[in-house]
Amino acid sequence: MRNSAARWSLTLCLTLSLLAPGAATAQEPPAQTQPSLPHLAKRGRATQLIVDGKPWLILGGETNNTVSSDLSAMETIWPRLKRMHLNTVLVAVAWDWVEPEEGKFDFRLVDELLAGARKNDLRVVLLWFGSWKNSVSSFVPAWVKADQKRFPRVRIKGGRAVEILSPFSDANREADQRAYVALMRHVRQADAGRNTVIMMQMQNEVGVLGDSRDRSEPAEVAFRQPVPQELMAYLRDNRERLYPDLRRLWESAGAKIEGSWTDVFGDSPSTDEIFMAWHYARYMDAMSKAGKDVHPLPVFTNTWIVQPEDERPGDYPSGGPEPLVIDVWRAGAPAIDFNAPDIYLPEFALWLERFDRPNNPLFVPEARGDATGAANAFYAIGRHASMGYSPFGIDSMSRLLPRPEQSTTPAAVATTAPLAPTLSSSPSAAAAAAAVDVESLPLPRAYAVLEQLAPLILEHQASGRITGASLGRDKTQEQLRLGDYLINVSVRRNRLNPSQAAPLGYGLFIQTGPDEYFVAGNDIQVTFTPAGDEQAIAGLARVEAGTFKDGKWTPSRILSGDDVLLDYKLAGAAEKRQSGSGLRFDSSGPRIQRVTLYKYR
Ligand code: DGJ
């Protein structure tokens with residue numbers, strides 16, 4: 001019944017979309033014959049996004065939710081993003097925008113978005129705002145919203161319905177899937193041989209808000225069923241590798257491999273969260289699979305991570321791919337390539353760690369875009385081989401300007417532009433945006449350097465000879481091991497008064513030879529210590545400042561003297577196995593240096 005209904009609907013949708021403006025034509029080539037579609041590939045230690053046959057580092061940004069429905073705003077935004085050294089823009093395509101009337105698809109908006117991106121030499125990731133956006137079903141078409149009987153809602157304790165489509169409804173999923181498949185069919189045809197669209201985000205920050213689980217009748221029936229065998233088998237086969245909190249929960253309930261949800265996971269709100277995670281995963285897996293059958297682009301989800309004030313699932317979207325349930329998602333949604341975190345919290349490193357799992361490669365689709373965002377980008381890409389970085393609200397100046405405590409950079413703080421409101425389409429925002437020298441902001445400056453380094457970064461993400469650091473007031477220094485040296489990285493300090501330190505600093509370290517490193521940094525100082533040789537001290541054989549031009553290192557200056565002297569107290573430095581010299585990066589960067597080291601005793 002379900003299958004034949006789906007087939008019938010698909011035929012209807014195909015027929016209608018052939019009639020609709022911007023619709024796919026009958027000449028579309030089969031997906032398999034298209035030249036090398038964007039895909040994920042394991043290269044050495046990293047899983048990378050391959051675009052046009054080559055690894056692609058996403059220097060990205062996500063526009064505010066509805067900006068992509070406003071093509072005149074986009075016209076001014078695209079070139080600005082290009083000047084900010086982005087190579088990829090994450091833009092929303094909402095169900096309501098492409099199927100305002102049931103079965104009548106209009107993809108002219110998508111065509112215009114692709115044209116705008118191409119004109120500015122940018123790629124896009126499309127965010128499918130279908131059934132859910134930040135848990136709520138606000139971007140579904142009005143004909144879905146208004147027909148609660150056909151498209152049932154989540155019910156929370158007490159029986160009240162909330163404005164969230166229930167993931168337990170086949171009708172909800174089938175209607176959303178029809179629209180998503182029509183979009184993918186359109187992208188296949190409109191983007192054939194171009195690869196402007198490089199990835200898809202399925203829904204946005206899903207999960208139930210207001211309760212720990214859906215309590216509608218079908219949900220209650222499902223909750224009384226045994227835990228599905230596929231999930232049980234995954235837990236059993238991956239027991240050692242499970243996310244520790246999930247493993248603990250399962251084991252403390254007896255590590256059973258069959259039984260009801262409460263038998264297997266105990267009776268707590270976390271069990272509700274696991275149950276919801278499974279059902280959201282199955283719904284979105286079916287949609288992703290159907291989309292891939294038409295146009296197999298990589299698909300990911302994004303997560304509204306638990307906030308410090310949240311006490312229980314439902315305060316944050318229950319069932320979304322949180323670390324606790326990430327294994328449930330990996331088991332329940334094999335057609336989804338990875339589950340990504342949206343990290344606005346200050347504990348960026350901690351959250352990356354939680355999402356960086358062996359079967360879950362990293363990408364950060366939403367985060368901060370100010371000076372901390374620049375540091376985040378370096379850290380994610382260097383330390384966790386992230387596919388890239390993408391701050392949210394990239395069209396809003398207010399999200400990009402450094403806060404006063406973040407930067408000592410004259411260029412960045414001297415802007416006279418007022419803080420722009422979030423709606424980048426308003427005239428005052430456009431004027432403010434035009435007044436800012438966007439290239440002088442921290443994130444574009446960081447992207448300009450990452451852009452130069454991208455081939456080297458991608459090569460060394462695969463070899464594992466890369467790392468990154470992000471320092472601030474909570475952590476002013478760190479020691480990292482890379483190759484045969486320990487790298488001592490600290491926020492930049494005043495040479496005469498070391499207690500005066502920069503508020504934030506970050507760096508990326510790439511080992512290109514036994515004694516050679518490229519370091520890109522901002523507001524940091526760096527020394528080296530030979531690893532595994534208790535007597536040796538690392539000296540600077542040669543330090544060059546420079547840039548990569550067309551992938552070729554082009555030194556501009558040979559650094560020595562004041563450029564590298566960190567500490568004249570040589571006796572104290574020698575005690576610490578230091579020469580007193582090291583790399584210094586001021587706040588006008590990030591900048592790139594190449595260092596060759598030697599050892600003395
Ligand atoms: C996270 C959501 O995923 C975005 O769409 C947006 O609503 C931001 N929060 C706002 O900060």
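How are α7 and α11 oriented to each other? Their axes cross at roughly 105°, so α7 and α11 are roughly perpendicular to each other. Please keep in mind that this is a predicted model, in which local features need pLDDT of at least 70, side-chain atom pairs count only at pLDDT 80 or more, and totals for chains, interfaces and linings use all residues. Residues are numbered from 1 along each chain as its sequence is written, and side-chain values use heavy atoms, with hydrogens and water left out.

**Helix pairs**

- Helix α7 spans residues 217-224 and helix α11 spans residues 269-294, and their axes come within 11 Å. Helices here are DSSP runs (H or I, at least four residues), as are strands (E, at least two), numbered from the N terminus. Axes are lines fitted to C-alpha atoms, for helices over the stretch in contact, with angles running from 0 to 180 degrees between N-to-C directions.
- On the α7 side, Ala219, Ala222 and Phe223 meet Thr271, Asp272, Phe275 and His279 of α11; contact means heavy atoms within 4.5 Å.
- That contact has four nonpolar, two polar and one charged residues. Ala, Val, Leu, Ile, Met, Phe, Trp, Tyr, Cys and Pro count as nonpolar, Asp, Glu, Lys and Arg as charged, and the others, Gly among them, as polar.
- Helices α14 (residues 371-383) and α17 (residues 442-463) have axes that come within 10 Å and cross at roughly 0°, so α14 and α17 are roughly parallel to each other. Angles under 35 degrees count as roughly parallel, over 145 as roughly antiparallel, 65 to 115 as roughly perpendicular and the rest as oblique.
- The α14–α17 contact includes Phe378 and Ile381 of α14 and Leu443 and Tyr447 of α17. By class, it has 12 nonpolar, two polar and no charged residues.

**Around the ligand**

- Among the residues around the ligand are Asn65, Lys133, Asp342, Tyr344, Phe392 and Arg399, each with a heavy atom within 4 Å of it.
- The shell has two nonpolar, four polar and five charged residues.
- An oxygen atom of the ligand lies 2.6 Å from an N or O atom in the side chain of Glu366. For the side chain of Asn134, the distance from an oxygen atom of the ligand to an N or O atom is 3.2 Å.
- The ligand taken alone exposes 300 Å², and the protein buries 78% of that; areas come from the Shrake-Rupley method with a 1.4 Å probe.

**Backbone details**

- Gly589 and Pro590 are joined by a cis peptide bond, with omega about 10°. Pro590 sits in the loop between β22 (583-585) and β23 (591-600).
- Asp52 has a positive phi, near 55°, and lies in the loop between β2 (46-51) and β3 (54-56).

Note on methods. A polar contact is a pair of N or O atoms within 3.5 Å; within protein, one must be able to donate a hydrogen and the other to accept it, and residues adjacent in sequence count only if both atoms are side-chain atoms.
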